[in-house]
Amino acid sequence: MTRGAGLEIKPLILGPLDVHQLSHCHPDILYALGGLGFQAFHQRTLSASSTASAKISCFIAGFLILIFAIPPILIGAAAASTDWNQTTYGSPSPYERGEASLTLPITLQHLTPSFISIIGIGCVAAAMMSSADSALLSASSVFTNNIYKNILRPQASDQESQWVIRVSVVVVGVVGPIFTTLTNSFLVFWFLVNQMCYLIIFPELFCVLYFNISNGYGAIMGVLVAFTFKLLSGDPSLGLEPVLHFPGCTLEDGVYVQYAPVKTISMLSTIAAILLFSYLASVLFNKGVLPEKWDVFKVKAQHSPVPLSPVGGVIEENDDENEEMNRRSESEASQPMENGAC
């Protein structure tokens, strides 16, 4: 049989839920917090017309993402319960062949009519090109604005920045495909990026938003702590053996498996490191224990007292300037009319 006509769908029995499965699902669910640090998310919110529209968009997206997760779940369930011996794909199943990451294109090709398969694969290709384009522009703009223009060459002109963006796009476009040759599954890099966002970007974003004591020194130490925990706790997908054996770490088929919420422990340790070293750096520089010339991130200047609130002072000053400009424009506008009347 071809195209899934008259296929026999076997019941998908998962069996009883194991406690070890919950330990794996727990950090995976918390990857959603890591997505809060994605630049694409903040690009949408910052481009909103107002704060209210940005909040409404976030709430709507939170509900829609749950709805959008239904089709992949159904496709995966159909692929897991299909008797592939009755299709043009044949036996064994994609999972047994090590092609679980190709479930979507395989399902579209062998379980749907030809026109559905063409449309579906075309949509997937368009989405991938759009994501690749967004990733290239995001990486190049972040490097140019945050690293090159702010740290390496603050006096760089706009034309120079444009050339840096172009070179960055080329470099990222060449390095990206090279990374894909290091493993047989691109999903490994996707999960790795999500882990880095959850372990590094989310703690720093959380500390910056809710703790005024946070500074650059704490952020650097947080990155070092996150990388240290990541390397020492091990990662089977990268071939890293765990050095730190958390409670519940067992040896299965010659490989140590961490059943403790290692990623969440690492994330909380990163937050603690950011706050601790930020506080220590602030105390050392403000008390004069370390000389001010060593203060690269200007911690002492950030916490110096000001006579007025920055936001209120700017607003009031801007309001006075706007009133003065309006008076001048009104007097200049009325001057030609008076001359003409004379």
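This is a predicted model: local features need pLDDT of at least 70, side-chain atom pairs count only at pLDDT 80 or more; totals for chains, interfaces and linings use all residues.

Student: At what angle do α10 and α11 cross, and what does that make α10 relative to α11?

Tutor: The two axes cross at roughly 150°. Angles over 145 degrees count as roughly antiparallel. So α10, relative to α11, is roughly antiparallel.

Student: Is the crossing of α10 and α11 left-handed or right-handed? And which kinds of residue make the contact?

Tutor: Where α10 passes α11, the crossing is right-handed. On the α10 side the contact includes Tyr217, Met221, Val225 and Phe229, and on the α11 side it includes Ser266, Ala273, Ile274 and Phe277. Sorted by kind, the residues of this contact are 12 nonpolar, seven polar and no charged.

Student: Staying in α10, is Lys230 buried or exposed?

Tutor: Lys230 sits in helix α10. Leaving out residues up to four places away in sequence, Lys230 touches Leu192, Gln195, Met196, Leu199 and Asp235. The cut-off for buried is under 20% relative accessible area. Lys230 has 9% relative accessibility, so the word for Lys230 is buried.

Student: How do the residues where α7 meets α8 divide up?

Tutor: This crossing is right-handed. Among the α7 residues that meet α8 are Leu136, Phe143, Tyr148 and Lys149, while the α8 side includes Asp158, Glu160, Val164 and Ile165. The tally for the contact is eight nonpolar, five polar and three charged.

Student: What about the loops? Is the peptide bond from Ser91 to Pro92 cis or trans?

Tutor: Pro92 lies in the loop between α5 (70–81) and α6 (103–111). Omega for the bond from Ser91 to Pro92 is near -5°, and the bond is cis.

Student: And what is phi of Lys298?

Tutor: Lys298 is found in the loop between α11 and α12 (299–302). Its phi is a positive value in a residue other than glycine, near 55°.

Technical notes: Residues are numbered from 1 along each chain as its sequence is written. Side-chain values use heavy atoms; hydrogens and water are left out. Axes are lines fitted to C-alpha atoms, for helices over the stretch in contact, and angles run from 0 to 180 degrees between N-to-C directions. Helices (H or I, at least four residues) and strands (E, at least two) are DSSP runs, numbered from the N terminus. Angles under 35 degrees count as roughly parallel, over 145 as roughly antiparallel, 65 to 115 as roughly perpendicular and the rest as oblique. A crossing is left-handed if the near helix is turned anticlockwise from the far one by less than a right angle, and right-handed if clockwise. Contact means heavy atoms within 4.5 Å. Ala, Val, Leu, Ile, Met, Phe, Trp, Tyr, Cys and Pro count as nonpolar, Asp, Glu, Lys and Arg as charged, and the others, Gly among them, as polar. Buried means under 20% relative accessible area, exposed over 50%, partly exposed in between (1.4 Å probe, protein chains only).
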